[in-house]
Amino acid sequence: MLETQDSKHRETAVLTALIGRVSPVRVVAPGPANADLDQILAAGVRAPDHGRLRPWRFLLIRGDARQRFGDVLAKALRLRKQEVSESALQAEHDKPLRAPLIIVVVAAVRGNTKVPAIEQIVSAGAAAQNMLVAAHALGYGGFWRTGDAAYDDHVKQSFGLTADDEIVGFLYLGHIETPGRPKTPDPVGVVEEWTGLPAGPA
Ligand SMILES: Cc1cc2nc3c(=O)[nH]c(=O)nc-3n(C[C@H](O)[C@H](O)[C@H](O)COP(=O)(O)O)c2cc1C
């Protein structure tokens with residue numbers, strides 16, 4: 001049911017995390033402690049998963065590997081664009097340094113199943129959201145990025161992905177240095193009551 005003026009808000013830890021999560025402006029080292037990372041990954045694999053396919057791969061990039069990821073991003077940008085400035089290449093190279101940990105969330109889409117590809121990709125998206133919310137609940141900040149790099153063949157090859165795999169997001173996680181602006185949840189304009197067949201020609 002939609003919230004009405006008469007109904008009371010119920011507060012639970014889960015709802016507080018779901019509704020209160022915002023993307024931070026800036027995160028810094030250190031990344032999540034190992035025990036916390038285990039919890040974050042456990043939340044990821046609890047995403048709804050039609051057919052129990054586990055159509056996910058979570059690639060962890062941290063430490064010096066972020067520099068190598070930056071090399072991959074810069075090379076991919078150079079391959080995509082004939083003319084690109086040195087400053088744009090440097091900015092692309094430095095993106096992974098925005099956080100101590102990046103989780104690349106991959107939908108490892110299986111072809112030999114009745115479960116449509118879109119359901120496997122949505123499941124990977126749910127895994128990404130579960131991990132962002134888990135990180136938030138544990139006191140970390142995380143933001144979700146894609147951009148052209150997520151759909152880039154050179155990037156996918158560098159991760160050893162196949163043509164059927166889809167990168168659904170790069171999750172940048174760390175300690176919150178600059179928090180994001182709190183947001184008020186507002187379902188207005190998104191929710192409609194459906195009461196029967198749509199009007200129109202029979
Ligand atoms: C699949 C996906 C990809 C996204 N990619 C980007 C991106 O590349 N750049 C960006 O600025 N925001 C991107 N966003 C949006 C941010 O992660 C974030 O949700 C948005 O800025 C709203 O902030 P909030 O999370 O605090 O509501 C993406 C979100 C999703 C779901």
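**Figure 1. Contacts of Ile 103 in the predicted model.** Leaving aside residues up to four places away in sequence, Ile 103 touches Leu 37, Ile 40, Leu 41, Phe 58, Leu 59, Leu 60, Met 131, Gly 169, Phe 170, Leu 171 and Leu 173. The structure shown in this and the following views is a predicted model. Ile 103 is also one of the residues with the most contacts inside the largest nonpolar core, together with Phe 58, Val 105, Met 131 and Leu 171. That core has 22 residues. Two or more of its residues come from each of helix H2 (34–44), strand E2 (56–62), strand E3 (101–108), helix H5 (117–137) and strand E5 (165–178). The most is given by H5, with 7 residues. Another core lies apart from this one and has 20 residues, including Val 27, Leu 59, Leu 73 and Val 106.

**Figure 2. Overview of the protein.** The protein has 6 helices and 5 strands. Along the sequence these elements follow the pattern α-β-α-β-α-α-β-α-β-α-β. Taken along the principal axes, the C-alpha atoms fill a box of roughly 55 × 45 × 35 Å. Of the 202 residues in the protein, 37% are buried. Among contacts with a separation of 6 or more, 78% are between residues 24 or more positions apart.

**Figure 3. The tilted aromatic pair of Phe 69 and Phe 170.** There are 4 aromatic pairs in the structure. In the pair formed by Phe 69 and Phe 170, the rings are 5.6 Å apart from centre to centre, with 50° between the planes, and the pair is tilted. Phe 69 belongs to helix H3 (residues 65–80) and Phe 170 to strand E5, so the pair ties together parts that are 101 residues apart in sequence. Phe 69 counts as buried because its relative accessibility is 3%. The value for Phe 170 is 2%, so Phe 170 counts as buried. Phe 69 and Phe 170 also form one aromatic cluster with Phe 159.

**Figure 4. The stacked aromatic pair of Phe 143 and Tyr 172.** The ring centres of Phe 143 and Tyr 172 are 5.2 Å apart and the planes lie at 10°, so this pair is stacked. The pair links distant parts of the chain, with Phe 143 in strand E4 (residues 141–145) and Tyr 172 in strand E5, 29 residues apart. Phe 143 has a relative accessible area of 4% and is therefore buried. Tyr 172 is buried because its relative accessible area is 3%.

Figure 5. Around the ligand are Arg 21, Val 22, Ser 23, Trp 144, Arg 145, Thr 146, Gly 147, Val 168 and Lys 183. The side chain of Arg 21 has a polar atom 3.0 Å from an oxygen atom of the ligand. From Trp 144, a backbone N or O atom lies 2.7 Å from an oxygen atom of the ligand. In the case of Arg 145, an N or O atom in the side chain is 3.3 Å from a nitrogen atom of the ligand.

**Figure 6. Glu 92 in helix H4.** Glu 92 is found in helix H4, which spans residues 86–94. With a relative accessible area of 9%, under the 20% limit, Glu 92 is therefore buried. The side chains of Glu 92 and Lys 95 are joined by a polar contact of 3.0 Å. Not counting residues up to four places away in sequence, Glu 92 touches Leu 73, Ala 74, Leu 77, Arg 80 and Ala 149.

**Figure 7. Gln 67 in helix H3.** Gln 67 has its place in helix H3. Its relative accessible area is 37%, so Gln 67 is partly exposed. Gln 67 touches His 93 and Leu 97, with residues up to four places away in sequence not counted. From C-alpha to C-alpha, Gln 67 and Lys 95 are 9.3 Å apart in space, and they are 28 residues apart in sequence. Lys 95 is also the residue whose side chain makes the polar contact with Glu 92.

Note on methods:
Residues numbered from 1 in each chain as written. Predicted model: local features only at pLDDT ≥ 70, side-chain atom pairs only at ≥ 80, totals over all residues. Heavy atoms only, no water. Core = buried A, V, L, I, M, F, W, Y, C linked by side-chain atoms within 4.5 Å. Buried < 20%, exposed > 50% of the residue type's maximum accessible area, 1.4 Å probe, protein only. Helix = DSSP H or I, 4+ residues; strand = E, 2+ residues; numbered from the N terminus. Contact = heavy atoms within 4.5 Å. Phe/Tyr/Trp six-rings, centres within 6.5 Å; stacked < 30°, edge-to-face > 60°. Near = heavy atom within 4 Å. Polar contact = N/O pair within 3.5 Å; in protein donor to acceptor, adjacent residues only side chain to side chain.
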